[in-house]
Amino acid sequence: MTEPVWGPVHQDIVGLLADHPADVPAVVDHLTKLQDLLVRLPPLEESCPLADFNKLYLVITSTVLDGLYDDRFTDPAFLARLDVEFAARYFDALRFWTDSHPSTPKAWSCLFQRMRGPDARPLPSAAAGVNAHINYDLPFALVTTFDSLESEPVDASDQHHDYLEINKIFAERIPELRRGYLDHWQLMIDMVNGDIDDWYQGELVEYTRNVAWRNAQKIWRCRHDPEARECERMRLDDNAALLGRLLLSPLGAFLQ
Amino acid sequence: MASDVDTAPLVGRADTVGALRSALLDDVAPGQTAAVFLTGESGVGKTRLLTEVGERLRDAGALVLTGVCLDIGDASPLHPLRQALRRLDADLTEARTSSAVRGLLQVFDEETPGPDGAGALLERVSRGLHLVAGGRPLVLVLDDLQWVDRSTRQLLLYLLAGLGDLQLSVLAAIRAESLQGAHPLRRVLTELRRLRSVRVVDLAPLDRADTDELAAAVVGAPLAPEAADQMWRRSGGNPFVVEELARDLRDGHDGLSDTLREVFLARVDALPQPAHAVVHAVAAGVEPVEHWLLAQVVRLPEDQLIEAVREAVAHRLLVGADDGYRLRHRLVAEVLAHELLPAERAALHRRYAETLTSATAELHQARLAHHWRLAGEPARALPAAMAAAREAERLHGYAEAHRHWSAALSLASTPPAVLPDGGRPEPVEVDRAELLTHAAESAHHCGEHARALALLEELAADPAGPPTCALHIRRARYLAAAGRSAPAEAEYRRVLAADDCTPRERATAAAHLAELLLHLGRYAEAGDQAREALRLAAEVEGTASEVVLASAALGFSEAYLEDPDAGLAVMRRALDTAERSGRPEDVACAYLHLAELLTGPLNILEEGVVVARRGAERVAELGLGRTWETRLLAIATNGLFRVGQWAEAEKVVAAALRHRPSGADAVELLLARCRLSVGYGDVEASDRDLEAVATVLAGGGARHVLPMLILRAGLAMWQGRHDLARQAVQRGLTESRSDDVIVLATLAWHGLRAEAEASASRTVEVDPNAVRRLREVVDRVAAKSGKAGAPVRYVADAFLALCAAELSRLDDGRGDPELWARAATEWDRRNHPYPAAYSRLRQAEALLARRSRVATAGKLLRQAHRTAQSLGAVPLSEEIRTLAGRARVALDEGTTARPAPRPRAAEPAAPTVDELVVLTAREREVLAAVAEGLTNREIGQRLFISERTIGVHVSHIFDKLQVRTRVQASAIFLRNRAE
């Protein structure tokens with residue numbers, strides 16, 4: 001037989017993925033454990049491209065968790081559900097990948113394929129993960145969340161307000177994360193450029209997240225029609241995969 | 001060879017078959033439910049496995065019902081169940097079961113729309129299934145569950161939650177591909193898979209050895225190594241692919257087809273003309289296509305038709321069963337889809353539609369609408385779509401009805417196609433406003449609020465639409481249902497200001513507006529609006545509903561504004577009005593609001609319970625037992641629980657559950673019963689109810705999650721699982737709204753209690769982060785409750801008293817007796833003996849830990865013990881006895897203290913035999929603690945004696961047992977412990 005997908009940490013990852021976290025504290029716990037495993041994955045170990053994304057996601061989710069505890073959101077039930085549903089899709093993609101299943105979303109597999117190398121720069125890697133997660137997973141997570149809360153994606157609602165609040169979390173977190181990736185040489189460029197890059201990256205996330213909200217509304221309207229829903233899913237997957245490959249191509253290195 | 005169709009053996013699934021049989025039958029306790037959801041890619045053998053397991057369960061004495069969900073998304077509500085019953089009916093030989101099946105099928109035929117229709121239908125269906133089962137375990141096998149309709153989904157959850165009072169197992173197959181994206185079942189499965197009674201089994205493809213075995217079985221001999229390698233590569237272990245490729249190999253077609261698609265293409269090409277026509281006809285139909293229907297559509301003489309069908313079956317493109325024909329696989333449909341010209345396909349649909357027009361069949365109207373639409377004749381599809389919508393509404397399937405109404409709307413605006421004879425069909429004539437009205441109303445009923453509002457806008461633009469005032473009222477109703485309060489308020493205000501509104505419409509709007517304002521916490525405005533509504537209603541006859549609604553708003557607003565007597569008087573008058581001139585629903589509603597007012601904000605519990613029970617009797621007389629009686633009894637149960645009449649509460653909740661309630665009413669009652677079970681310390685019953693609640697909530701209604709989490713934490717605490725209690729509390733804190741002060745206060749208390757007890761019993765480490773967060777929550781609740789209405793503050797303060805006392809336990813490890821005394825007083829004042837007794841226990845514990853006022857502690861313990869005993873609160877009583885034993889306090893006058901009960905966490909049993917006889921009871925207690933590894937200091941804290949005294953005890957123990965170390969002493973203790 002061929003070597004297991006996750007090499008020496010295969011059993012650990014399979015064991016971790018067998019569990020389905022039910023609330024935000026459990027999601028954070030899961031991401032933390034996953035991070036510890038990913039950085040042990042040869043050949044790239046510390047510079048595993050998926051670990052770059054996972055780390056970013058962990059930081060964002062921990063901030064969301066703090067926000068939930070600290071009364072930051074209007075409708076925590078909504079945001080907590082959304083967070084869990086959102087994460088569930090990432091874990092699903094990992095599960096599919098673990099089984100070498102043909103259903104692994106293309107948006108994700110382009111990043112997963114790079115785990116064995118060649119090495120990619122941390123920022124484009126994290127961005128490719130963010131791309132898959134926001135452009136592909138988020139609209140579906142939104143639809144499922146609204147469905148289970150017996151509510152709807154309505155602009156200017158409490159839920160929309162909370163959803164937009166996450167953009168602020170991205171904006172707060174991305175500058176420091178971004179610097180975390182930089183070595184000396186890049187730090188110099190950053191000092192020269194000021195915060196322009198940070199601004200650019202923040203805008204990108206915000207823009208993408210609004211697209212996700214619109215896409216969720218679109219899927220919401222056809223969610224009872226299996227054919228239309230599948231069509232929409234494939235469209236999102238293809239688009240996200242296209243962007244993901246671009247980010248991971250040599251061109252993406254310019255981002256960094 | 002038609003006979004050779006299903007002869008390939010079932011390879012590599014023996015373990016799964018066995019496991020499924022145990023999960024669905026052997027391991028299911030009488031009266032319980034179980035479910036297995038089988039997921040897997042298409043072709044992996046789900047259907048085959050369903051059949052095999054179904055047969056085995058039938059052989060083992062179960063009654064097996066088998067249904068298939070359909071992919072024409074606009075089917076009829078509960079179709080899979082009705083189809084399963086019809087199939088069973090066709091196979092039955094026993095007269096008794098047969099009449100039960102027909103009786104149940106008749107229930108569907110005779111159903112009429114009405115209030116609480118959906119819930120009542122669930123009850124009738126479960127009673128019908130009970131008769132059908134006739135004492136046998138019932139198994140419901142459903143294939144293609146990814147296409148299940150909403151009504152069937154709700155029925156499954158209802159039955160699995162045990163609400164139907166039926167021993168039932170469900171075995172369902174779901175295509176894994178479908179669960180990607182936003183499929184509604186995704187979330188349901190995620191929730192259900194956490195339950196002990198549910199398993200989600202992912203059916204993997206075969207491994208290499210099994211692939212070889214299956215291929216060899218089909219071919220009749222082992223494959224050559226090269227061919228076997230190729231088989232493995234091409235099939236990836238998918239048994240359907242293996243079987244089909246192996247057949248081609250056996251028949252000498254190898255090398256022609258690389259993919260399954262090519263296999264099927266080749267087979268279709270090889271078909272003789274009539275068989276070709278048959279396969280295309282089935283592909284255009286709604287499966288299963290009945291034989292008589294197929295005959296009409298392909299227009300072949302009987303003997304030729306049978307010959308053609310045999311050919312198609314032999315080529316493994318078609319399968320036949322008693323109820324009709326199906327394509328062998330979805331891939332066949334995909335291959336065929338590219339073979340027909342659009343005109344040919346339309347012609348087939350036309351023939352279906354024409355045939356079905358003059359004959360009735362399953363899903364008659366839905367199929368007619370489907371075929372006429374695809375035949376390009378919207379005018380003829382339209383009446384069928386409308387009939388299908390009405391049919392769905394009759395069975396309370398508003399989601400399905402909405403889809404049919406939407407289809408009707410789009411049909412009404414589709415230009416008719418040119419007929420084959422070149423003529424133009426009649427243009428569609430329909431009342432568009434009527435269609436819009438129905439579509440909007442059904443959307444409103446199935447929770448599609450945005451869609452309902454959009455349809456209403458279209459209706460408003462329609463010249464034949466309703467007058468403006470009626471539109472405002474409906475818009476406000478839809479907006480309020482969608483939780484969009486601000487625009488809803490604006491709409492109600494428009495009604496009140498509009499000139500064309502009648503006085504009755506104004507009274508209605510005012511009453512609803514008052515209710516809305518109350519929900520928004522704007523009590524003063526709600527009160528003013530309610531008075532206005534009552535004034536308007538007084539001028540119009542027959543406005544009892546408005547009076548009840550407005551009175552409730554006024555009553556609650558007065559209560560929140562601290563004039564309870566005035567509020568109560570208003571609500572009592574409303575009940576009189578309802579009794580004199582209202583509909584039965586008005587009477588029920590008035591009783592409900594009065595009982596809620598008394599047991600809620602006014603906290604006049606005994607009277608509230610009396611009103612609720614009297615109301616329950618009254619509404620049962622009025623014929624509203626199922627909905628309103630259960631709601632009133634839920635209020636009574638919760639009231640009785642709080643005043644400490646648990647035995648009575650238990651009777652009431654059992655009576656309410658006999659109505660087999662569904663949805664939120666069921667959740668409310670299950671939670672009430674669970675609260676009692678947690679108090680009694682009945683872990684099994686509590687778990688069962690918590691699982692049932694989770695099952696119902698998997699279908700939606702996540703807003704009920706918080707009370708469930710609180711109970712989960714409470715139960716975990718009695719089990720010494722403080723880590724689980726912490727988890728439940730953390731989840732609760734991250735999911736509750738900041739204005740939900742009472743829920744937050746309750747959660748904070750549970751969280752702090754879990755940490756304090758974890759610290760005292762050393763089950764888990766105290767989580768300083770969790771404690772910090774809980775402190776923050778307590779501060780926030782204190783700040784917010786200061787600003788909340790008096791009734792909210794009243795409840796929150798009592799919980800805050802508990803929080804403060806638990807915090808004192810965490811701070812110094814002993815707790816502040818003054819704070820516990822205060823908590824006890826707070827709960828006494830609110831007439832809730834259970835938390836008061838708990839507070840006394842802790843107060844006594846704190847006093848004993850300080851070794852001060854031991855007599856007071858004894859008195860407190862005796863008082864708490866009496867309360868706990870009279871409630872039947874087993875775990876609380878046990879804890880009181882443990883403490884009394886450790887402190888040597890006699891709980892019953894005249895008798896001495898019982899020997900110390902075991903500490904719960906470690907559970908070492910009391911030593912009984914020889915070597916320990918020499919020790920005194922106290923020395924044995926000390927030794928037990930030594931064996932647990934505690935230091936003298938820790939033992940002193942536990943037994944409320946000084947460290948020095950423990951030292952003396954230990955040296956006596958060493959002397960008597962003739963040992964020199966704690967390890968040796970522990971060894972003797974463990975050796976002599978009774979197992």
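**View 1. Confidence along chain A of this predicted model.** Confidence in chain A is highest in helix α2 (residues 24–38), at 95, and lowest in helix α8 (residues 184–193), at a mean of 38. Over residues 181–200 of chain A, pLDDT stays under 50. Because this is a predicted model, local features need pLDDT of at least 70 and side-chain atom pairs count only at pLDDT 80 or more, while totals for chains, interfaces and linings use all residues. Residues are numbered from 1 along each chain as its sequence is written, and chains are lettered from A and ligands numbered from 1 in the order in which they are written.

**View 2. An open sheet of 5 strands in chain B.** The strands, which are DSSP runs of E with at least two residues, numbered from the N terminus, pair in parallel in the order β2-β3-β4-β1-β5; two strands pair if DSSP finds at least two bridges between them. Strands β2 (63–68) and β5 (198–202) of chain B stand at the edges with a single partner strand each, so one side of each has no neighbour in the sheet.

**View 3. The pairing of β2(B) with β3(B).** These parallel strands are joined by 6 bridges, with β3 covering residues 138–143 of chain B. L63(B) has L138(B), in β3(B), as its bridge partner.

**View 4. Helix α26 of chain B, residues 544–560.** Helices are DSSP runs of H or I with at least four residues, also numbered from the N terminus. Just after α26(B), E562(B) takes a positive phi of about 70°.

Technical notes:
Expected span 1.5 Å × (residues − 1). pLDDT = per-residue confidence, 0-100. Contact = placed C-beta atoms within 7 Å.
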